[in-house]
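Here is a walk through one protein chain, from its overall outline to single residues. Keep the sequence and the 3D view side by side while reading.

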Amino acid sequence: MSPLVVIKNHVIPNGVNLLNFLPPSLCLKLAFTHREVLLPRSFDVLILGAGAAGLFCASEAGKRGRRIALLEHADRIGKKILISGGGRCNFTNIHTTPENFLSSNPHFAKSALARFTPADFIGLVKQHRIAYHEKKLGQLFCDNSATDITNLLEAECHAAQVQIFLNTRVTEVQRTTEFVLSSDSAEFRAPIVIVATGGHSIPKMGATPFGYDLARKFGHKIVPTRPALVPLVFNPADHHRYSQLAGVSTEVIATAGKNSFREKMLFTHRGLSGPAILQISSYWKESQPIHLDLAPERDATASLRASSRRDLAATRKALQQFLPNRLAERWLGFNAPSSYTNPDLAAFEKQLHNWSLIPASSEGYEKAEVTAGGVDTRELSSKSMESRLVPGLFFIGEVVDVTGHLGGFNFQWAWASAAAAARSL
Ligand code: FDA
């Protein structure tokens with residue numbers, strides 16, 4: 001007589017993996033209540049991480065008839081999507097080009113971005129009757145809430161019969177004839193593993209270094225990671241001078257290295273933020289200066305030079321034409337012209353267009369929207385995201401060394417890299 005395993009009211013002859021025949025909801029319940037008797041579950045594809053990239057890849061691959069398990073250690077899907085875009089999810093940017101991305105291999109993203117475009121994702125958004133609008137600069141946001149996007153992804157996964165396992169932290173991946181994944185609730189097997197575990201940003205939202213560790217374990221190089229799209233912190237002298245301006249914002253051209261962005265800048269209690277600063281933070285290197293043009297395309301001292309009255313009060317008035325009063329006042333306090341001769345006013349004008357500061361640091365992964373660097377793309381196929389070193393192993397989304405500018409580009413990379421992987425299965 002063959003020995004039996006009993007799980008609640010189900011009787012399973014030894015060797016038969018009943019879990020493959022039960023509805024996912026029941027399997028999930030069993031996974032939590034009877035961990036000790038679970039047998040490995042077999043799928044065609046295992047996807048690690050139910051963020052933007054993992055969810056979209058799962059639905060696209062599921063539609064192609066693959067049996068997909070999506071494993072997520074949090075208690076719900078798409079946590080970062082829910083907080084993105086101030087709760088309204090800037091889900092794409094209609095002006096996406098490869099130039100909107102940083103990577104040590106700038107050509108890598110081209111193929112995936114060309115084969116899954118913003119219009120493709122917008123098509124899906126329309127199909128789900130999600131209301132959206134362009135805020136500025138091609139940035140598309142939900143009218144209602146970011147939940148619309150997680151609902152869309154969940155519905156697509158459901159339609160594609162993807163099995164989602166929440167509260168399932170993948171702890172180890174081994175490769176024998178196929179991949180064997182250990183998690184804190186069960187063991188999973190499949191010939192294909194897709195790593196979509198994201199980067200280091202916002203650890204309290206569930207970010208883990210698991211994807212990078214896994215890549216290293218299988219021989220992949222990691223381009224050094226750093227916080228990106230992150231506020232910058234004043235050095236002590238500038239903190240003393242400008243931290244009282246917290247809350248003040250103005251339009252600037254911010255430059256780090258060769259990269260400039262014309263957007264709003266915001267003073268914070270600790271330093272500088274706002275879109276202009278977040279954009280240049282991705283290019284900023286520790287101990288390097290940033291440069292701020294406080295009067296983009298303006299001849300700020302023209303009225304002074306044309307006037308017979310040249311003094312501090314007239315200068316303040318000139319600055320207040322385009323800078324918030326508090327900023328004009330404070331900045332002038334530390335950068336007033338040394339005299340009101342034409343050469344000194346020219347030097348003052350120059351300083352206004354090229355205020356250089358050396359930030360002490362960035363606010364780090366606690367505040368960074370994304371992680372720059374990651375799995376070295378030179379060891380991945382740009383067509384499919386598959387490892388060139390380990391057949392059947394794929395990396396998609398933020399874990400890869402492709403980082404978008406602010407404005408919906410990071411989600412577009414998540415969708416595009418996910419689609420590239422799914423289409424190759
Ligand atoms: P993501 O981090 O989304 O998902 C990874 C998943 O893997 C997580 O669910 C995590 O819990 C899970 N995981 C990790 N380790 C695991 C393990 N060992 N086992 C199981 N699961 C594991 N971008 C944009 O384009 N527009 C926007 O509006 C915004 N706004 C924004 C706001 C804020 C506050 C942040 C922090 C970020 C943004 N972004 C953004 C960036 C965007 O959120 C980010 O680029 C994508 O979420 C990346 O998607 P991924 O799926 O690659 O990783």
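**Overall outline**

Of the contacts in the chain between residues at least 6 apart in sequence, 70% join residues at least 24 apart. The model is a predicted one. Its chain has 425 residues, of which 44% count as buried. It contains 14 helices and 25 strands. Along the principal axes, the C-alpha atoms fill a box of roughly 110 × 40 × 40 Å.

Confidence comes next. The mean pLDDT of the chain is 92, and 91% of the residues reach 70 or more. Two stretches stay under 50. One is residues 1-21, for which the model has 25 contacts beyond four places in sequence. The other is residues 23-37, with 13 such contacts. Where pLDDT is low, the predicted coordinates should not be read in detail.

**The nonpolar cores**

The largest nonpolar core has 78 residues, and the members that touch the most others are Leu-46, Ile-47, Cys-57, Leu-70, Ile-194 and Ile-396. Helix α14, residues 409-423, gives the most to this core, with 11 residues. Which residues does Leu-46 touch, not counting those up to four places away in sequence? They are Ala-69, Leu-71, Phe-179, Leu-181, Phe-188, Ala-190 and Val-193. There is also a second, separate core of 37 residues, and among its members are Val-230, Leu-245, Phe-348 and Ala-368.

**How helices pack**

Helix α2, residues 52-63, packs against α14 at an angle of about 35°, with the two axes 8 Å apart. The crossing of this pair is right-handed. On the α2 side, the contact is made by Ala-52, Ala-53, Phe-56, Cys-57, Glu-60 and Ala-61. On the α14 side, the residues are Phe-411, Ala-414, Trp-415, Ser-417, Ala-418, Ala-419, Ala-421 and Ala-422. Cys-57, in this contact, was also named above among the core residues that touch the most other members.

Helix α2 has another partner in helix α6, residues 147-159: their axes come within 8 Å and cross at roughly 30°. Angles under 35 degrees count as roughly parallel, so α2 is roughly parallel to α6. The crossing of α2 and α6 is left-handed. From α2, the contact uses Leu-55, Phe-56, Ala-58, Ser-59 and Gly-62, and from α6 it uses Leu-153, Glu-156 and Cys-157.

Helices α11 (residues 312-319) and α12 (residues 325-335) pack at an angle of about 135°, and their axes are 9 Å apart. The two are therefore oblique to each other. Their crossing is right-handed. Thr-315, Arg-316 and Leu-319 of α11 meet Ala-328, Glu-329 and Leu-332 of α12.

**Helix α7 and strand β23**

In helix α7, residues 210-217, the buried residues are Phe-210, Gly-211, Tyr-212, Leu-214 and Ala-215. These pack against five strands: β11 (170-175), β14 (192-195), β15 (222-228), β23 (370-375) and β24 (393-395). After α7 comes Gly-219, whose phi is positive, near 90°.

Strand β23 holds Thr-371. Is Thr-371 buried or exposed? A residue is buried if 20 or more other C-beta atoms lie within 10 Å of its own; Thr-371 has 25, so it is buried. Leaving aside neighbours within four places in sequence, Thr-371 is in contact with Gly-199, His-200, Ser-201, Thr-225, Pro-227, Ala-228 and Glu-398. By contrast, Ala-295 is 76 residues from Thr-371 in sequence and 31 Å away in space, C-alpha to C-alpha.

**Two residues with positive phi**

Most residues other than glycine have a negative phi. Ile-202 is not a glycine, yet its phi is positive, about 55°. Ile-202 is found in the loop between β14 and α7. With 19 other C-beta atoms within 10 Å, Ile-202 is partly exposed.

Ser-287 is not a glycine either, and its phi is positive at about 70°. The place of Ser-287 is in the loop between α9 (275-281) and β20 (290-293). Ser-287 has 9 other C-beta atoms within 10 Å and is therefore exposed.

Conventions:
Residues are numbered from 1 along each chain as its sequence is written. This is a predicted model: local features need pLDDT of at least 70, side-chain atom pairs count only at pLDDT 80 or more; totals for chains, interfaces and linings use all residues. A nonpolar core is a set of buried Ala, Val, Leu, Ile, Met, Phe, Trp, Tyr and Cys residues joined through C-beta atoms within 7 Å. A residue is buried if 20 or more other C-beta atoms lie within 10 Å of its own, exposed if 12 or fewer, and partly exposed in between; C-beta atoms are placed from the backbone. Helices (H or I, at least four residues) and strands (E, at least two) are DSSP runs, numbered from the N terminus. Two residues are in contact if their C-beta atoms, placed from the backbone, lie within 7 Å. pLDDT is the predictor's confidence in each residue, from 0 to 100. Axes are lines fitted to C-alpha atoms, for helices over the stretch in contact, and angles run from 0 to 180 degrees between N-to-C directions. Angles under 35 degrees count as roughly parallel, over 145 as roughly antiparallel, 65 to 115 as roughly perpendicular and the rest as oblique. A crossing is left-handed if the near helix is turned anticlockwise from the far one by less than a right angle, and right-handed if clockwise.
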